[in-house]
Amino acid sequence: MLHIDVSTGYIANVVRDVSDSLAAPFEDFAAIVCNSVHLHCDETGLKKNGKKHWVWVFRSNNATVFKVTSSRGSQVLFDFLGIDFAGTISCDFYGAYRKFMDNSQVVLQFCWAHLIREFRFIAEKTERKTVIFVPFLFSRMKSEHFVLK
């Protein structure tokens, strides 16, 4: 488009230099996130050099950190947040969060969008116990905050 010849080596060097220059700000933002009392966390898959990797997002009121890892496991949470993290994490139902909760002081608060989707799925069931139980759950959701610990 601009008719500028640029080698792949030059681009690789620029990417490395930018990455190196962002190391200190990344650590600053990571410290803010890890010292927060409430985080929103999520992870999503991507391909990196043809191999499955995960982009984790850790968002507090004051900072957001994205971390690319080769793992989707709870060890990422232990490595990034530390076992002493004692705040609340808003998240989906993925098992890594529960494993982290079981081995730390964290409290999980499940995402409302995920809860509502699950309750709607349950509400479509026709078994009598389910039909009776779902309205009860919805009423509890409206009157209380659901926090798991």
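**Rings, charges and surface**

Trp56 is buried, and Tyr97 is buried as well; buried means under 20% relative accessible area, exposed over 50%, and partly exposed in between, with a 1.4 Å probe and protein chains only. Before going on: this is a predicted model, in which local features need pLDDT of at least 70 and side-chain atom pairs count only at pLDDT 80 or more, while totals for chains, interfaces and linings use all residues. Residues are numbered from 1 along each chain as its sequence is written, and side-chain values use heavy atoms, with hydrogens and water left out.

First, the rings. The structure holds 6 aromatic pairs. Rings of Phe, Tyr and Trp, the last by its six-membered ring, pair if their centres lie within 6.5 Å; planes under 30 degrees apart count as stacked, over 60 as edge-to-face, and the rest as tilted. Trp56 and Tyr97 have ring centres 6.0 Å apart and planes at 70°, so this pair is edge-to-face. Trp56 is in strand β2 (residues 51-59) and Tyr97 in helix α4 (residues 95-102), so the pair ties together parts 41 residues apart in sequence. Helices (H or I, at least four residues) and strands (E, at least two) are DSSP runs, numbered from the N terminus.

The rings of Phe93 and Phe110 are also edge-to-face, because their centres are 4.8 Å apart and their planes at 75°. Phe93 sits in the loop between β4 (88-91) and α4, and Phe110 in strand β5 (residues 107-110), so that pair ties together parts 17 residues apart in sequence. Phe93 counts as partly exposed at 25% relative accessibility, whereas Phe110 is buried at 16%. Ring pairs also link Trp56, Phe58, Phe80, Tyr94 and Tyr97 into a cluster.

Next, charges. Which residue lies over the face of Tyr94? Arg72 does, at 3.7 Å from the ring centre. Lys52 lies over the face of Trp54, at 4.9 Å from the ring centre. The criterion is NZ of Lys or CZ of Arg within 6 Å of the ring centre and within 35 degrees of the ring normal.

Arg72 comes up again in a salt bridge with Glu43, where the closest N and O atoms are 2.9 Å apart. This pair links distant parts of the chain, with Glu43 in strand β1 (residues 38-48) and Arg72 in the loop between β3 (64-69) and α3 (75-81), 29 residues apart. A salt bridge here is a side-chain nitrogen of Lys or Arg within 4 Å of a carboxyl oxygen of Asp or Glu. Glu43 is buried, with a relative accessible area of 7%, and Arg72 is partly exposed at 28%. The whole structure has 2 salt bridges. Asp17 and Arg16 form one, with closest N and O atoms 3.8 Å apart.

Last, the surface. Leu2, Ile4, Val6, Tyr10, Ile11, Val14, Val15, Val18 and Leu22 form a nonpolar surface patch with about 870 Å² of accessible area together. Patches take residues with over 30% relative accessible area and no salt bridge, joining like charges within 9 Å and nonpolar side chains (Val, Leu, Ile, Met, Phe, Trp, Tyr) within 5 Å. Accessible areas come from the Shrake-Rupley method with a 1.4 Å probe; for residues, only the protein chains shown count as cover. Val15, in helix α1 (residues 8-21), counts as exposed at 52% relative accessibility.
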